[in-house]
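Student: I'd like to learn how to read a protein structure. Can you walk me through one?

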Amino acid sequence: MKKIAILGSTGSIGTQTLEVVRRNKDIEVLGLSAGSNILLLEKQIREFKPKIAAVWEEEKARELRVRAADTDVRIVSGMEGLISVSRIADVEILVTAIVGMIGIRPTIEAIQAGKDIALANKETLVTAGHIIMPLAREKNISIFPVDSEHSAIFQSLQGNEKKTLKKILLTASGGPFRGKKQEELLDIRVEDALKHPNWSMGQKITIDSSTMVNKGLEVMEAKWLFDVDIDEIQVVIQPQSIIHSMVEYADGAVMAQLGTPDMKLPIQYALYYPERKYLPGERLDFWRIKRLDFEEPDMDTFYALSLAYKAGRAGGTLPTVFNAANELAVRKFLNREIKYLEITEIIEDCMRAHKNRKNPTLEEILDAEAAVYERIESRR
Ligand code: NAD
Ligand code: MG
């Protein structure tokens, strides 16, 4: 039996990972973790019987200890708790399905402990890719992409020589506001931005998809995962979300992975690589689809994408600033404290004000995050 642990087991990727585990019956889950949803976490503990479960808030952890007193699980909390889930002995793969750069330390700890990573938590690579990728090589562990685009790229690279890769074609649905102009986005409400045309995901990434910040983060994620220059990555709008991404080779050949939008495919591929297992679900029927569309992204309206290219090219602490500003701005938008267009305005403002630092340590990354938070909190 393969042994895994999951950071963020109660979220969209976390619960779908458990669906894959439930159906295949050949994976053992030794660790689970959640932010605050202890009711769902308790159900997961009873079903999957992990050794350790982490809850972010200590108060909730205490409550769960009482509720789950009749089980054998050890319940831990805070950053120390996340790290203990990352380092559980015998775990082979850690699924990082937590949201935000809070995942950096637990991911680094897991790699140091020799675990492979099934990586959904893109914010970690965006901000600390220069630390994580060399460490992964040093520890000889694999990072399997779970993000659908990066899984598609990974799948399209199979059987070909990496040195003949010329270009990554990162596809994007364009989100719910594709085709709109700035002035039409002035009064966007939380409910509007949470309506993604093709995917059902956590709230933060759904907002990120609507602003194209998600695609910007994915450009930087791809740079680290596939060791390419930012400018070798081209974003292509593919509104149906059927082509999950493509790669172009030296001879001009383009390879792609297609499928109905279902995150269980990349999750399962990451858990069983290189094996392809049966996955129930709808198949593509090209007689019915008839056509696929392509567009160039509108980087004037969705200028967060061009800010991401800028941050990715500069490297250093600038990607952290891009990401941290977005994390806080999205939280504020979801709390209805700021307007929709302010999300990207805040990112741009923080990037402008930042003095970039090359090759930052983990402490310097976290300092840059704190400085961004301070700046945003003191606006107005
Ligand atoms: P989600 O909000 O649905 O779930 C997040 C999980 O993290 C939850 O289990 C939550 O309890 C946990 N969490 C949040 N804050 C925490 C904290 N402080 N301490 C401990 N746990 C905490 O998010 P999601 O949509 O599943 O996304 C997870 C990650 O995967 C993100 O980085 C996202 O960009 C990436 N991703 C998601 C999808 C998708 O389809 N949902 C696709 C590609 C990539
Ligand atoms: Mg994606």
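Tutor: We'll go through this structure feature by feature. Keep in mind that this is a predicted model.

Student: Okay, let's start inside. Which residues of the largest nonpolar core touch the most other members?

Tutor: The general idea goes like this: in soluble globular proteins, nonpolar side chains tend to be buried together. Here the largest nonpolar core has 123 residues, and the ones touching the most other members are Ile4, Ile143, Phe226, Leu271, Phe322, Tyr340 and Ile343. Helix 14, residues 318–334, gives the most to this core, with nine residues.

Student: Let me zoom in on one of them. What is Ile4 in contact with, leaving aside its neighbours within four places in sequence?

Tutor: Quite a list! Its contacts include Thr17, Val21, Ile27, Val29, Leu30, Val91, Ile93, Val95 and Leu271. Let's follow one of those, Thr17, which is found in helix 1.

Student: Is Thr17 buried or exposed?

Tutor: Look at the relative accessibility: under 20% is called buried. Thr17 is at 0%, so it counts as buried. Not counting residues up to four places away in sequence, Thr17 touches Ile4, Ile6, Val95, Ile267 and Leu271.

Student: Now a whole helix. Why is helix 4 largely enclosed by the rest of the structure?

Tutor: With a helix, you go along it and ask how many residues are buried. In helix 4, residues 78–86, seven of the nine residues are buried, so the rest of the structure largely encloses it. The buried ones are Gly78, Met79, Gly81, Leu82, Ile83, Val85 and Ser86. Then look for what covers them: strand 1 (2–7), strand 2 (27–34), strand 3 (52–55), strand 4 (74–77), strand 5 (93–96) and helix 5 (104–112) are included in that cover.

Student: Next, ligand 1. How many residues surround it, and which are the closest?

Tutor: For a ligand, start with the residues around it, then look for polar atom pairs. Ligand 1 is surrounded by 22 residues, with Thr10, Ser12, Gly35, Glu123 and Gly202 the closest. Helix 1 (12–24) and helix 6 (122–139) each supply at least two residues of that shell. As for polar pairs, a polar backbone atom of Ser12 is 2.8 Å from an oxygen atom of ligand 1. Ile13 has a backbone N or O atom 2.9 Å from a ligand oxygen atom, and Gly202 has a backbone N or O atom 2.9 Å from one. Taken alone, ligand 1 exposes 820 Å², and the protein buries 87% of that.

Student: What about the backbone? Which residues other than glycine have a positive phi?

Tutor: Asp90 lies in the loop between helix 4 and strand 5, and at 52% relative accessibility it counts as exposed. Asp227 has a positive phi too, near 55°. You'll find Asp227 in the loop between helix 10 and strand 9 (233–237), exposed with a relative accessible area of 60%.

Student: Where is there a cis peptide bond?

Tutor: Check omega: a cis peptide bond joins Tyr273 and Pro274, with omega about 5°. Pro274 is in the loop between helix 11 (264–272) and helix 12 (286–289).

Terms used
Residues numbered from 1 in each chain as written. Chains lettered and ligands numbered in written order. Predicted model: local features only at pLDDT ≥ 70, side-chain atom pairs only at ≥ 80, totals over all residues. Heavy atoms only, no water. Core = buried A, V, L, I, M, F, W, Y, C linked by side-chain atoms within 4.5 Å. Buried < 20%, exposed > 50% of the residue type's maximum accessible area, 1.4 Å probe, protein only. Helix = DSSP H or I, 4+ residues; strand = E, 2+ residues; numbered from the N terminus. Contact = heavy atoms within 4.5 Å. Near = heavy atom within 4 Å. Polar contact = N/O pair within 3.5 Å; in protein donor to acceptor, adjacent residues only side chain to side chain. Areas by Shrake-Rupley, 256 points an atom, 1.4 Å probe, with all protein chains shown as cover.
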